[in-house]
Amino acid sequence: MEISATVNGRRVTRNVPNHYRLIDFVREELHLTGNKEGCGAGECGTCSMFVDGVLVKSCLMPVQKVINSNIETVDDLDRDAGRTVVQQAFHKCGSSQCGYCIPGMVMAATSLLRKMPFPDREQIKEGLGGNICRCTGYQKIVDAVELARDVLNKTLPSSALEENTTEPIMGASTPRLDAPGKVTGAAKYAADMEMANMLHMQVLRSPHSYAKIISIDAKAALAMPGVEVVITSNDVPGIDNFGVFIEDQPIMAREYVRYVGEAVAAIAAETLDIAIAASKLIIVKYEVLGGVFDPHLAMKDGAPQLHEFAKNNITKHTKIRKGDIEEGFKQADVIVEEVYQTAKIEHAYLEPEAGLAYVESDGCVTIHSPSQNITHHRHALAKILDRPINKVRMIMSTVGGGFGGKEDMIYQGMLALAAIKTRRPVRYVFTREESFIASAKRHPFTIQYKMGLKKSGKITATKMVMVSDGGAYAMSTPGVMNKSAILGPGPYQLDNVWVDAIGVYTNNTPSGAMRAFGAFQSEFATEAHLDLCAEKLQMDPIELRMVNLMRDGATTHTRQKIDRVLAVDCLDAVMKLAGWDKGIPNRHGNSKVTRLDIGSTATRKSCTLGTHLKQEEDA
Amino acid sequence: MLTYDHYVVAGSLSEVFDILDAKPASRILAGATDILPWARYGRAGDVHLSSVIDLSKIADLKYIQQNGNKISFGANTTIADLQNNALLREHASILAKCAVWFADDQIREQATVAGNVVNASPAGDTQPALLALNTNILLMRREQGEILKRVIPLADFIQGPGKTLLGQKEIVAGFECDSLLGYGSAYEKVGHRRSLVISTVCLAVIGKASKDKATLEDIRIAIGAVGPVPRRLRDLESSLIGSSVTGLMVRQVAEEACDYVQSRSRQEYRREVLVNFVERGVISVLNQVGLKVIRYGEELTSV
């Protein structure tokens, strides 16, 4: 399909596959990688670019629509004149973190200000409603658009965009060094990288949650013109296992597949289209087995044993035993029990996984990827590829969000092996769906909580029995169990503590590291439980915390002595700023007490609606 | 992924019908904002089409004009046009109020009203607004070289989830709706978040006061996302016309709306929201047209 268009002021004519969308044309054909493909389904906005002056989502635009159109991408927004006012404002306000959403945000802000030169904060939020950010929480992005608006309208001088260099730097707001590359889209993420003679990888993944692999027949795939190599676990030269704590995961499924989406085979071909077509020709014979999906059932005798070394599928059982828990309950005036559950959420970093591997002239295999764990991965790879450590190199590319989800080496092994076998660079880019299916999730927990307290609020006993679905491979489960157990009972001085944190293998997607791993789930249960106890004791929930918070000289749940503890001071300061309305938690439901905590100037406004047209509201 | 053997950006209506004659099973698209997300793993998966006809560049399908007491607009009218076009804002303001809730700024520029209607999702945002405007849909086909047109009320055109009366080799030419100068309008929508969300409940209300500003002369209420098809609430409309309207009366009429919820999920939530949407939408329209009515019961807090 021949496409002629004007892109960033320059006329181009190219021949592309007819199924290309505008995003493919811009990124793959023209190598303008400033705009990204975060989802391919029109949800995230990283692909936003101007077509004939109108901002559109290029992942939703068949390339045929732009014949003879005028296209403006983020790559040349400034027309070589230095960054635009919007881009400078993003830099000044510190709006970028991982930076992956920023080119799209810059485009959306630019479009908004072109259409609406005087937007208020709510109109800005609505104008950017088609763009998602996973890192920043949006506040600084909205600040940047306000700053750009004011400078463009001359309400503020252009010096407002300049960096404040102050001495001393401590306590000052310093500009981010990585921002210029991110606001212009110049920063290269792994999917933006390419090398001459590069191959494209596609991975065949298991459709079954638990099955034995009987055979893999790749003959037809290998015969396809343009296919350079097909690899399976049979091609791995060294000791094929990796894992952050327990090395139980092969780089491709070996003998068994243990979760839907596990990698079974990988193809490297001249084009992505060829690699995708070839993957459909690989014939895998499975013997489907009965899997187990509930961690409580997986622990029972008779459940399928998913890993030889893990009896009753226990990945990790962390125990905290302090004091005498039964004695603690005997001393209690009140005992409160409840069960809490947390969900298996997805990190959804805006950058889907991607990597580029190649072999240097001295035989060193080098992998660029947004790995959060390159040292560990490098050593694991050296063992897996049976190479000396100085012949394996891992480079951490600009990470478009990780949050723990990019700690596991789930694709770098395949890339390295394919690069070695083909002696060519190989690139692999996950689709958003692939990222959902194959990558780690947050450990879901079921927490049985039992707490004994005196009428004064003093906790006499805390017992937490926690079971977590660790999924098919260990990933960070041991660490998550440790952290959830050690930190779970909270910053409270407790004499009698009993905690079980049990991570269990199942045939679900593996659970891995995810922000605060483990402590988030267990502490949620503790704080929720304390609020429940406050209700039962008819106490203000903050007062209940104050009674129990650690102070100087406290002993932790693992018997560590802490000399200096500022928890009470922190809570005091926070409560003053929060305008806390004291009282027992359920007093508003069954009494005539008026709420003091809402309706004041400090109350955050509810989500405003339809600001593009001021809708009348009468309620 | 969506792939095709042939993708043609048609330059004229005759080109469209030529291709349809040769390949009657051709897939027709305009904005492509529904089909591309659909053809992905987890939904339709890889979809290969033999022939696609893109009619988004056909000038004959892009028009917005007034004909007496009717407004007509072509199939290539985008959702953004509903927001930006002065004629539509003046004569059919409900469409603009609906548009600000539709997807996001970028998708609105690409997506067309015709596409939204033919997709016939039970949660389609434009349908309640169009039904409130007594919209007719104009269809066009070519048989033995002759262009044949038919006009169908939108309520009849939409048959069920994903089902319409659109025939094979037939295209949507445009829409025709009431010109409603001086009417008040309100659009309500709720979903899991503010932008880019499929409606859990959506509603359009349009109304006009009598000359003496004592009663409602006309009111139209249409709902979506709570049943297999969008619909007008004509019973409720008749209850509100003619008599003098109070907040209590609006509340009582609104409470009848909950029985129209046919959803299979989140029934209780949708019933409560729908009643509140009817009440809030009607109160808003009443006040816009000069009938000062306060919502029944205590004032809402600003939480």
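Predicted model: local features only at pLDDT ≥ 70, side-chain atom pairs only at ≥ 80, totals over all residues.
The buried set in helix 5 consists of Ile141(A), Val142(A), Ala144(A), Val145(A), Leu147(A), Ala148(A), Arg149(A) and Val151(A). Helix 5 itself covers residues 139–152 of chain A, and its 14 residues reach 20 Å from the first C-alpha to the last, close to the 20 Å expected at 1.5 Å a residue. After helix 5 comes Lys154(A), with a positive phi near 65 degrees.

Now for one of those helix partners in more detail. Two packed helices are described by the angle between their axes and the distance between the axes. For helix 3 and helix 5 of chain A, the angle is about 40 degrees and the axes are 11 Å apart. Angles under 35 degrees would count as roughly parallel, so helix 3 and helix 5 of chain A are oblique to each other. Their crossing is right-handed. On the helix 3 side, Met105(A), Ala109(A) and Leu113(A) take part, meeting Ile141(A), Val145(A), Ala148(A), Arg149(A) and Leu152(A) of helix 5. By class, this contact has seven nonpolar, no polar and one charged residues.

Let's move to chain B for another pair. Here helix 11 (residues 247–255) and helix 12 (residues 267–288) pack at about 140 degrees, with axes 8 Å apart, and their crossing is right-handed. Val250(B), Arg251(B), Ala254(B) and Glu255(B) of helix 11 meet Val275(B), Val278(B), Glu279(B), Val282(B) and Ile283(B) of helix 12. This contact has six nonpolar, no polar and three charged residues.

How values were computed
Residues numbered from 1 in each chain as written. Chains lettered and ligands numbered in written order. Helix = DSSP H or I, 4+ residues; strand = E, 2+ residues; numbered from the N terminus. Expected span 1.5 Å × (residues − 1). Buried ≥ 20, exposed ≤ 12 C-beta atoms within 10 Å, placed from the backbone. Axes fitted to C-alpha atoms, helices over the stretch in contact; angles between N-to-C directions. Parallel < 35°, antiparallel > 145°, perpendicular 65-115°, else oblique. Left-handed = near helix turned anticlockwise from the far one by under 90°. Contact = placed C-beta atoms within 7 Å. Nonpolar A, V, L, I, M, F, W, Y, C, P; charged D, E, K, R; others polar.
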